[in-house]
Amino acid sequence: MANLVCGFDILGLALSAPNDIMELSLTEEPAVTIRNLDSFNLPTDPEKNVAGVVLLSIIEKTGRRFGFDISIEKHIKPGSGIGSSAASAAGAAVAANHLLENIFSTDEIVQFAMNGETLASGVKHADNIAPCVLGGISLIRSIHPLDIVSIPAPDLFVTVVHPQIEVRTSDARQILKQQVLLKDAIKQWGNIAGLVTGFMKQEYDLIGRSLEDVIIEPVRSILIPGFDELKKGCKEAGALGGGISGSGPSVFMLSKDEATAIAVESVMKGVYNRIGIDYNTYVTTINKEGVRVEWLRS
Ligand code: HSE
């Protein structure tokens with residue numbers, strides 16, 4: 001989940017659910033063969049598939065003659081705002097590195113995976129990729145050169161609602177203003193510093209106060225039906241705060257305990273039942289591990 005409200009393109013966290021399942025194997029044939037085991041109809045041409053471009057870039061970097069077979073069972077709906085493309089990209093990069101006996105560093109894995117994000121959204125950003133690879137909460141201090149910092153955080157609960165409307169990341173980026181007022185920038189970097197400090201010092205009130213975005217949210221929230229009502233209702237139900245997940249349309253809220261996270265889910269359901277839009281909800285936690293690898297045979 002990218003941005004964490006105030007940290008556009010620089011903050012993200014890994015969710016425990018939903019998650020995708022991929023099976024990857026090495027082949028002698030110098031090609032990437034993709035099999036989709038879900039119903040999302042994603043391209044199987046490796047040049048047009050997020051996981052495919054990541055694997056092609058890894059093969060090219062090694063300079064060796066080999067390929068990969070990959071089957072992908074996605075549970076994170078593309079275009080949901082909860083890092084569907086990052087999950088494909090990070091999963092493929094981490095698994096490939098394991099098959100290649102860990103020849104690449106974590107930074108290199110993130111770089112390879114970012115090629116997938118570029119295909120999906122037209123822009124290189126690591127705020128979904130880094131937490132997928134590393135687990136937990138990541139700060140992307142810089143992407144040129146890559147400088148990722150893991151932020152320790154308390155065990156928070158995350159409630160996500162995904163209204164079933166499509167918001168393409170590329171569209172949600174195009175509507176943003178290219179310039180910000182200094183007074184807004186001052187507010188925003190105060191919030192980013194407050195949020196990171198709140199996570200590190202486990203100060204829940206500070207986390208809540210800092211989950212405020214005066215630059216991106218006012219523009220993007222118009223794409224999300226019921227956004228203001230949702231935010232108000234969730235906070236009244238006890239959520240620390242939250243906002244748009246990635247580029248939307250999903251909206252997330254952080255809570256201190258599971259009972260509050262479930263109460264927040266009821267508010268979300270109530271809003272979209274009333275508006276009459278289909279939705280999915282998730283009550284989950286921060287995934288501290290990131291991509292999990294299991295060997296199927298030796
Ligand atoms: N930081 C990116 C954005 C995340 O908000 O456009 C998109 O996945």
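A residue is called buried when its relative accessible area is under 20%. In this predicted model, Ser250 has a relative accessibility of 0% and therefore counts as buried. Ser250 belongs to the loop that joins β8 (241-244) to β9 (251-255).

The side chain of Ser250 makes a polar contact with the backbone of Ser80: the backbone oxygen of Ser80 is reached at 2.7 Å.

## The ligand site

Twelve positions need to be read together here. The residues surrounding the ligand are Ala2, Asn3, Phe8, Asp9, His125, Asp127, Asn128, Thr169, Arg173, Arg220, Gly246 and Ser247.

Among these residues, Asp9 has a side-chain N or O atom 2.5 Å from a nitrogen atom of the ligand. For Asp127, the distance from a polar side-chain atom to a ligand nitrogen is 2.6 Å.

## Aromatic pairs

A pair of aromatic rings is described by two quantities, the distance of the centres and the angle of the planes. The model contains 3 aromatic pairs under the rule applied. One of them joins Phe66 and Phe68 in an edge-to-face arrangement, with 5.4 Å from centre to centre and 80° between the planes. Both Phe66 and Phe68 are buried.

Another pair is formed by Tyr272 and Tyr279, whose rings are tilted, with 35° between the planes and 6.4 Å from centre to centre. Tyr272 counts as buried because its relative accessibility is 0%. Tyr279, by contrast, has a relative accessibility of 22% and so counts as partly exposed.

## A nonpolar surface patch

On the surface, a nonpolar patch is made up of Ile175, Ile222 and Leu223, which together have about 280 Å² of accessible area. Ile175 is situated in the loop between α5 (169-174) and α6 (182-201).

The relative accessible area of Ile175 is 38%, so this residue is classed as partly exposed.

Key:
Residues numbered from 1 in each chain as written. Predicted model: local features only at pLDDT ≥ 70, side-chain atom pairs only at ≥ 80, totals over all residues. Heavy atoms only, no water. Patch = residues over 30% accessible without salt bridge, like charges linked within 9 Å, V, L, I, M, F, W, Y side chains within 5 Å. Areas by Shrake-Rupley, 256 points an atom, 1.4 Å probe, with all protein chains shown as cover. Salt bridge = Lys/Arg side-chain N within 4 Å of Asp/Glu carboxyl O. Helix = DSSP H or I, 4+ residues; strand = E, 2+ residues; numbered from the N terminus. Buried < 20%, exposed > 50% of the residue type's maximum accessible area, 1.4 Å probe, protein only. Near = heavy atom within 4 Å. Polar contact = N/O pair within 3.5 Å; in protein donor to acceptor, adjacent residues only side chain to side chain. Phe/Tyr/Trp six-rings, centres within 6.5 Å; stacked < 30°, edge-to-face > 60°.
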